Amino acid sequence: MLTKTEIKLFLDQKAALYNHTGFIKNDPISIPHLFTRRQDIEIAGLFAAVLAWGQRVTIINKCNELMKRMDHAPYEFILHHKERDLKALQGFKHRTFNDTDLLYFVSFLNRYYKKNASLEDAFLADGASVEAGLIRFHELFFSYEDHPSRTRKHISTPERKSTCKRLCMYLRWMVRHDNNGVDFGIWKRIPAAQLICPCDVHVDRVARKLKLIRSRQTNWSTALELTNNLRTFDPADPVKYDFALFGLGVMEGWV
């Protein structure tokens, strides 16, 4: 069994191996990397994270299809579309996410960006934890009476014990900043130290093999347990180890 010091060294090496621009092309983060405008990055990133379910090739193809339907200008489309423009979104589908869900996302984002310059504000909870921010975003997202009940499955919340994998991944993209060119670091009011590691099936399996997760369940508490253990390796940037755990699971088949 590896010692804690050995695990840290091992994960530091693997994080450095996968946290570089070569990682982008085959990952859903490639979708927001198509853009330079802050709001385009936020919107494309949100859709890419929400649709990150299944094979990465399929996810990327479906996200590219969605960006094409929005004329490769998601912020302009969200803010200035006419009713007739919404026809371009009809028939879109990825797994259980369909055009009913998509139209509500567009409606929410339209109302939101008419009053706010950045989606970061939606995840802020008076300087509280990321957990509180995720709960706030969920409440805000479904605060309009016209939201379809079916769409609730696509925006998770810690209040339902979900790992919130996709939203935690989205926050990593927007918040983390280094010089490696993968994560964007365009949100400055959420500290990287507070981020929660996205706990997908690959990360979960690798983390359990390294004894970074001991709980039997896989839920929000599991994500907290994993992140708290990663904070002992790097208190300021625990989620950088997502690169290592994901890379070990997906690229190296390390389980």
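Me: At what angle do the axes of α1 and α10 cross?

Reply: Two packed helices are described by the angle between their axes and the distance between the axes. Here, the axes of α1 and α10 cross at roughly 80° and come within 7 Å. An axis is a line fitted to C-alpha atoms, for helices over the stretch in contact, and the angle runs from 0 to 180 degrees between N-to-C directions. Helices are DSSP runs (H or I, at least four residues), numbered from the N terminus.

Before we go on: this is a predicted model, where local features need pLDDT of at least 70 and side-chain atom pairs count only at pLDDT 80 or more, while totals for chains, interfaces and linings use all residues. Residues are numbered from 1 along each chain as its sequence is written, and side-chain values use heavy atoms, with hydrogens and water left out.

Me: Which word describes how α1 and α10 lie to each other?

Reply: Angles under 35 degrees count as roughly parallel, over 145 as roughly antiparallel, 65 to 115 as roughly perpendicular and the rest as oblique. So α1 and α10 are roughly perpendicular to each other. From α1, the contact (heavy atoms within 4.5 Å) uses Lys8, Phe10, Leu11, Asp12, Lys14, Ala15 and Tyr18, and from α10 it uses Tyr241, Phe243, Ala244, Leu245, Gly247, Leu248 and Met251. Sorted by class, that contact of α1 with α10 has 10 nonpolar, one polar and three charged residues. For the classes, Ala, Val, Leu, Ile, Met, Phe, Trp, Tyr, Cys and Pro count as nonpolar, Asp, Glu, Lys and Arg as charged, and the others, Gly among them, as polar.

Me: How many residues of α10 are buried?

Reply: Buried means under 20% relative accessible area, exposed over 50%, and partly exposed in between (1.4 Å probe, protein chains only). Helix α10 (residues 241-251) has nine of its 11 residues buried, so call it mostly covered. Among them are Phe243, Phe246 and Leu248. The buried residues of α10 pack against α1 (4-18), α3, α7, α8 (201-209) and α9 (220-231). Just past the end of α10, Gly253 has a positive phi of about 55°.

Me: Which residues other than glycine have a positive phi?

Reply: Most residues other than glycine have a negative phi, and most peptide bonds are trans. Against that background, look at His72, with a positive phi near 55°, in the loop between α3 and α4 (74-80). Cys164 also has a positive phi near 55°, and Cys164 sits in the loop between α6 and α7.

Me: How many disulfides are there?

Reply: A disulfide is a pair of cysteine sulfur atoms within 2.5 Å. By that rule there are zero disulfides. For Cys63, the nearest cysteine sulfur belongs to Cys168, 18 Å away. The sulfur of Cys164 is 5.7 Å from the closest cysteine sulfur, again that of Cys168, and that is too far for a bond. Cys63 counts as buried because its relative accessibility is 2%, and Cys164 counts as buried at 0%.

Me: At what angle do α2 and α7 pack?

Reply: Helix α2 (residues 38-50) and helix α7 (residues 165-175) pack at about 150°, with axes 9 Å apart. That makes α2 roughly antiparallel to α7. Their contact has 10 nonpolar, one polar and two charged residues. Residues in α2 including Ile41, Leu46 and Val50 meet residues in α7 including Leu167, Tyr170 and Trp173.

Me: And what is the angle between α2 and α3?

Reply: About 140°, with the axes of α2 and helix α3 (residues 56-69) 10 Å apart. That makes α2 oblique to α3. Ala44, Phe47 and Ala48 in α2 meet Ile59, Cys63, Leu66 and Met67 in α3. This contact divides into seven nonpolar, no polar and no charged residues.

Me: Where does Phe123 lie?

Reply: Phe123 lies in the loop between α5 (99-113) and α6 (130-141). Phe123 counts as buried because its relative accessibility is 4%. Setting aside neighbours within four places in sequence, its contacts include Leu134, Arg136, Phe137, Trp187 and Ile190. Phe123 and Arg136 are 13 residues apart along the chain, and 6.4 Å separates their C-alpha atoms.

How values were computed
Helix = DSSP H or I, 4+ residues; strand = E, 2+ residues; numbered from the N terminus.
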